[in-house]
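Subject: Structure for your files

Dear colleague,

Here is the structure I promised to hand over. My notes on it follow below.

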Amino acid sequence: MGNKYNRVLLKLSGEALLGEQGHGIDADILSEYAKEIQSIQEAGVQVSVVIGGGNIFRGVKGATQGMDRVQGDYMGMLATMINSMALQDALEQIGVQTRLMSAIRMEAIAEPYIRRRAVRHLEKGRVVIFGAGTGNPYFTTDTAGSLRAIEIEADVILKGTRVDGIFDSDPEKNGDAQKFDVITGDDVLKRRLEVMDLTAFTLCRENQTPIIVFNMNKNGNLKKIVVDGKDVGTTVVWE
């Protein structure tokens with residue numbers, strides 16, 4: 001097909017959907033993300049997506065103070081489903097066929113996650129959105145993204161952020177922060193760089209799954225990486 005990658009998992013943060021708002025979902029950002037995904041799906045790339053729930057859950061976090069951790073984690077999983085449904089709607093409004101699959105059974109709004117069915121949807125050209133994390137407490141959506149990527153045998157995990165890649169310090173706080181074009185997984189651990197949580201990172205290392213961290217808010221970046229094979233963002237490689 002000529003694309004750099006044929007099957008990808010795109011990991012998005014819920015916070016990215018906030019935009020300039022203090023809570024909820026920015027419709028303009030959601031629409032832009034849908035168009036970016038459409039641009040690679042139309043090029044023949046098999047696309048799956050995991051999206052966090054921080055924009056929803058952050059608004060109720062005060063209510064979870066002192067709450068049982070397991071209960072709070074399940075609330076977070078439900079928040080990811082709200083974002084997943086919003087992204088599904090945005091994609092379908094521009095004519096992209098999607099399937100939403102949930103790790104927690106909720107048949108009225110999503111299919112249960114079944115690996116073989118997910119792969120079949122991808123092969124048919126549908127964008128598959130994985131909601132509700134792993135379905136288990138104590139695991140983040142980063143871990144869910146890594147797990148699903150490995151299960152569906154994705155070529156790469158694309159972590160869409162609001163900065164241009166991985167830096168030696170926080171570029172939003174330090175104007176002199178240095179960006180890495182390529183970095184080894186061992187270097188990430190030694191420098192204690194916050195790419196994704198340790199469980200997710202370990203899964204990727206054990207399965208030699210490459211990770212690319214890039215700025216999702218720059219139009220065209222996703223297509224440059226996946227279709228054109230350009231060096232955008234930072235690539236994490238394994239030795």
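How many helices and strands does the secondary structure of the protein come to? The count is 8 helices and 11 strands. Please keep in mind that this is a predicted model.

Overall form

The protein has 239 residues and a radius of gyration of 17 Å, which agrees with the value near 18 Å that a compact globule of that length would have. The C-alpha trace spans about 45 × 45 × 35 Å along the principal axes. Of the 239 residues, 51% count as buried. Among contacts with a separation of 6 or more, 71% are between residues 24 or more positions apart.

Helix 5 covers residues 141–151 and helix 7 covers residues 198–207; their axes are 7 Å apart and the packing angle is about 20°. Angles under 35 degrees count as roughly parallel, and helix 5 and helix 7 are therefore roughly parallel to each other. The crossing of helix 5 past helix 7 is left-handed. From helix 5, the residues Asp142, Thr143, Ser146, Leu147 and Ile150 take part, and they meet Thr199, Ala200, Leu203, Cys204 and Asn207 of helix 7. By class, this contact between helix 5 and helix 7 consists of 5 nonpolar, 4 polar and 1 charged residues.

Helix 1 (residues 27–41) packs on helix 3 at an angle of about 60°, and the two axes are 9 Å apart. Here the crossing is right-handed. Leu30, Ala34 and Ile37 of helix 1 meet Ala86, Leu87, Ala90 and Leu91 of helix 3. The contact of helix 1 with helix 3 has 7 nonpolar residues, with no polar and no charged ones.

Helix 3 (residues 69–93) also holds Gln88. Is Gln88 buried or exposed? Its relative accessible area is 16%, so Gln88 counts as buried. Leaving out residues up to four places away in sequence, Gln88 touches Thr98, Arg99, Leu100 and Ile129.

Apart from neighbours within four places in sequence, which residues is Thr209 in contact with? They are Ile150, Ile157, Cys204 and Trp238. Ile150 of helix 5 and Cys204 of helix 7 are also among the residues where those two helices meet.

Backbone points to check

Most residues other than glycine have a negative phi. Gln208 has a positive phi of about 55° although it is not a glycine. Tyr138, in the loop between strand 5 (127–131) and helix 5, likewise has a positive phi, with a value near 75°.

Asp155 lies in the loop between helix 5 and strand 6 (156–161). With a relative accessible area of 33%, Asp155 is partly exposed. Setting aside neighbours within four places in sequence, Asp155 is in contact with Tyr5, Asn6, Arg7 and Pro210. Asp155 and Leu12 are 143 residues apart in sequence, and their C-alpha atoms are 17 Å apart in space.

Helix 2

Asn55 belongs to helix 2 (residues 54–60). Its relative accessible area is 3%, so Asn55 is buried.

Regards

Notes. Residues numbered from 1 in each chain as written. Predicted model: local features only at pLDDT ≥ 70, side-chain atom pairs only at ≥ 80, totals over all residues. Heavy atoms only, no water. Axes fitted to C-alpha atoms, helices over the stretch in contact; angles between N-to-C directions. Helix = DSSP H or I, 4+ residues; strand = E, 2+ residues; numbered from the N terminus. Parallel < 35°, antiparallel > 145°, perpendicular 65-115°, else oblique. Left-handed = near helix turned anticlockwise from the far one by under 90°. Contact = heavy atoms within 4.5 Å. Nonpolar A, V, L, I, M, F, W, Y, C, P; charged D, E, K, R; others polar. Rg over C-alpha atoms; globule rule 2.2 N^0.38 Å. Buried < 20%, exposed > 50% of the residue type's maximum accessible area, 1.4 Å probe, protein only.
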